[in-house]
Amino acid sequence: MQHVSSFAKGLWVPAGAGAREVADAATGQVIALAGNENLDVEGMIGYAREVGGPALRAMDFHDRARMLKALALHLNANKQALYDLSFTTGATQADHGFDVDGGIGTLFVFASKGRREMPEGHVLLDGGFESLGRTGAFGGQHIYTPRLGVALHINAFNFPVWGMLEKIAPALLAGVASIVKPATATCHVTELCVRLMLDAGVLPDGALQLICGGVGDGLSHLGPQDAVTFTGSAATAEVVQNALPRGVPFTAEQDSLNASIMGTDVTAESPEFDLMVKEVVREMTTKAGQKCTAIRRVLVPQPLLQPLIERLSSQLSGLVVGDPRDKATRMGPVVSASQRDDVLEKAALIGTEAECVFEGEHGMDRGAFFSPKLFHCADPDGAEAVHGTEAFGPVSTVMGYRDLGHAVALANKGQGSLVASLFTHDSDVARDVALGIGAWHGRVYINDRDTGREATGHGAPMPHLTHGGPGRAGGGEELGGIRAVKHYMHRVAVQGSPSMISAVTGRWVPGASKVEAKPHPFTLKFGDLALGRTLRTEARTITLEDVETFARFTGDTFYAHMDEDAAKRNPFFPGRVAHGYLILSFAAGLFVEPAEGPVLANTGLDNLRFLKPVVPGDSITVDLTVMDRKSRNEDYGEVRWHAAVSNQDGEAVAEYELLTMVAK
Ligand code: NDP
């Protein structure tokens with residue numbers, strides 16, 4: 001018998017007083033004990049705040065992103081052990097793809113986004129510098145800075161690996177230490193995953209702790225700098241929220257009656273009909289329907305009701321249900337006998353409003369097996385339970401709708417869902433449904449014959465996109481790329497001079513002090529390019545001949561450059577003007593250092609603005625200033641330069657940010 005341990009203050013604490021039994025889902029045999037009433041949760045919270053958090057925040061965003069990548073690589077190399085143990089939760093090999101591989105994939109995505117989309121520093125900017133005066137000598141900048149507390153992640157039983165990794169990835173990237181509390185029924189898998197992550201040797205002490213079993217009075221010790229994220233039932237979410245002291249940020253992801261809608265354009269012969277059948281069956285049976293995103297309600301145009309029920313029933317009748325370790329098995333048991341009883345109870349409630357049109361014959365005398373049940377609700381407008389009862393197993397209800405407006409109203413009757421899918425090949429249907437249901441959903445998934453194998457699936461939350469939903473779904477928001485990292489950071493408006501703002505943010509802003517020095521900055525390596533270092537170029541006068549040569553050479557003979565009278569009729573120009581691209585090209589001609597050197601490549605321009613026309617006879621100069629640096633690898637990094645092009649009167653004519661790769 002395994003004694004599942006918690007990991008507290010750097011030590012493993014085995015199951016002890018008050019431990020609960022954990023059973024194998026397929027056999028019902030007790031395989032582990034978990035929980036310890038004497039766990040010092042208050043001490044763990046203090047340890048995360050005082051040891052783990054500061055150690056994480058001593059690292060910058062890129063250090064932490066590299067740490068996530070190392071964790072992902074280590075888990076990937078050792079995932080067989082997670083697969084092997086996960087079978088005890090009833091999960092099949094295909095289910096492991098969602099939980100284990102999905103979790104590792106999420107770590108990889110945050111690792112990559114952290115390096116690409118976050119600065120190599122400690123402050124995340126929100127928007128740009130807001131000038132608050134006439135000259136720009138004083139302004140403000142919103143920044144995100146990590147919370148100084150701990151993130152407590154309370155998870156549901158269904159995703160012991162992904163559930164943890166999708167929550168800790170953004171928290172750790174933000175610089176906030178995490179305590180994970182998995183559901184007891186599957187905490188032995190989470191424990192193994194935590195052990196593997198610690199073995200990777202990259203997590204600072206105190207960055208990650210684990211509570212297997214209850215949290216005791218731990219919630220009462222949390223404060224406003226902490227954060228609690230929760231996945232599970234609405235009832236538990238309420239209990240947890242009520243136990244928190246005032247001001248503790250709380251995010252819940254709870255019950256969700258996700259719908260799948262067949263478009264009005266679909267016929268029984270359309271590819272979209274087949275796609276929807278496949279999706280509904282997959283969503284009913286993956287993880288034995290124990291997915292927060294699973295399709296619970298199937299909305300179909302009335303004439304296609306019977307054909308759809310027949311196709312779904314025929315697919316479900318061929319389903320192989322059995323021991324998850326058996327390769328032929330397509331669906332394992334639900335997680336526990338008590339969960340099976342709960343699904344039965346909820347299905348019975350749905351059965352008061354809907355007729356069971358398909359029920360598998362997979363009765364098993366041991367373990368927690370549950371046969372898929374498909375219901376048909378003939379009065380979806382009058383029904384309440386089918387829109388409000390989450391039977392957390394392989395249970396779905398099909399409903400016919402009259403027209404698209406009716407379908408939208410029925411989908412929204414779920415009172416807030418994580419996701420709804422739509423199968424249509426008609427762009428008007430797609431727009432009407434997406435706009436009609438958007439406000440009640442966290443994600444709208446549109447699939448048709450064109451998305452091919454790239455469609456990620458109704459039920460798969462992507463790390464790049466928001467996961468969460470309004471209303472019944474809990475109102476929380478997880479994932480969504482760097483958006484998720486901000487949930488563990490605080491936004492503060494900092495006011496001051498541009499130089500002060502630059503010092504705080506680690507990014508030079510126009511107006512901050514500049515240092516003009518020799519040699520040419522293009523002769524300097526990445527590490528020698530200090531923020532604010534500036535090159536002021538010579539001036540170059542632009543002639544009418546330049547404009548005509550440029551026009552002929554590029555083929556851009558737009559009238560504003562070539563026809564004086566036509567240009568004069570244009571309200572923006574005094575007469576013929578130089579091309580914007582001519583200005584950019586001449587600017588480059590002014591600031592580049594031609595000899596071979598550390599600058600490797602020009603990778604793009606951001607925020608380009610042409611501010612004032614340049615007319616023949618004007619002279620331009622460029623101020624090129626180092627704004628920001630971001631290491632890419634051991635050999636080179638990205639340097640962002642601010643290019644300010646001005647005319648002979650010192651007026652700004654163009655402004656942009658130039659991106660270059662510079663050798664180290
Ligand atoms: P629960 O709501 O029972 O538990 C969720 C988590 O909360 C578990 O880790 C649980 O720990 C913990 N918990 C329970 N009580 C407390 C408490 N007083 N203080 C702190 N933590 C607490 O969810 P389950 O995982 O058992 O799933 C039950 C139901 O939740 C499912 O049948 C389903 O209906 C719904 N669910 C919905 C999801 C969704 O997103 N739509 C996802 C998963 C579940 P412990 O296990 O130790 O009790």
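Modeller: Strands β1 and β5 (residues 30–34) run parallel and are joined by three bridges. Strands here are DSSP runs of E, at least two residues long, numbered from the N terminus. Two strands pair if DSSP finds at least two bridges between them. Within this pair, Val4 stands opposite Ala34 in β5.

A word on the basis. This is a predicted model: local features need pLDDT of at least 70, side-chain atom pairs count only at pLDDT 80 or more, and totals for chains, interfaces and linings use all residues. Residues are numbered from 1 along each chain as its sequence is written, and side-chain values use heavy atoms, without hydrogens or water.

Now the whole sheet. It is open, with three strands in the order β1-β5-β4 and mixed pairing. The edges are β1 (2–4) and β4 (20–23); each has a single partner strand, so one side of each lacks a neighbour in the sheet. On average, neighbouring strands are turned by 35° against each other, direction ignored. The axes are lines fitted to C-alpha atoms, and angles run from 0 to 180 degrees between N-to-C directions.

The link to the ligand is Arg20. Its number falls in β4 (20–23). A polar side-chain atom of Arg20 lies 2.7 Å from a ligand oxygen, a polar contact (N or O atoms within 3.5 Å). The protein buries 82% of the 870 Å² that the ligand exposes when taken alone (Shrake-Rupley method, 1.4 Å probe).

Conventions. A polar contact is a pair of N or O atoms within 3.5 Å; within protein, one must be able to donate a hydrogen and the other to accept it, and residues adjacent in sequence count only if both atoms are side-chain atoms. Helices (H or I, at least four residues) and strands (E, at least two) are DSSP runs, numbered from the N terminus.
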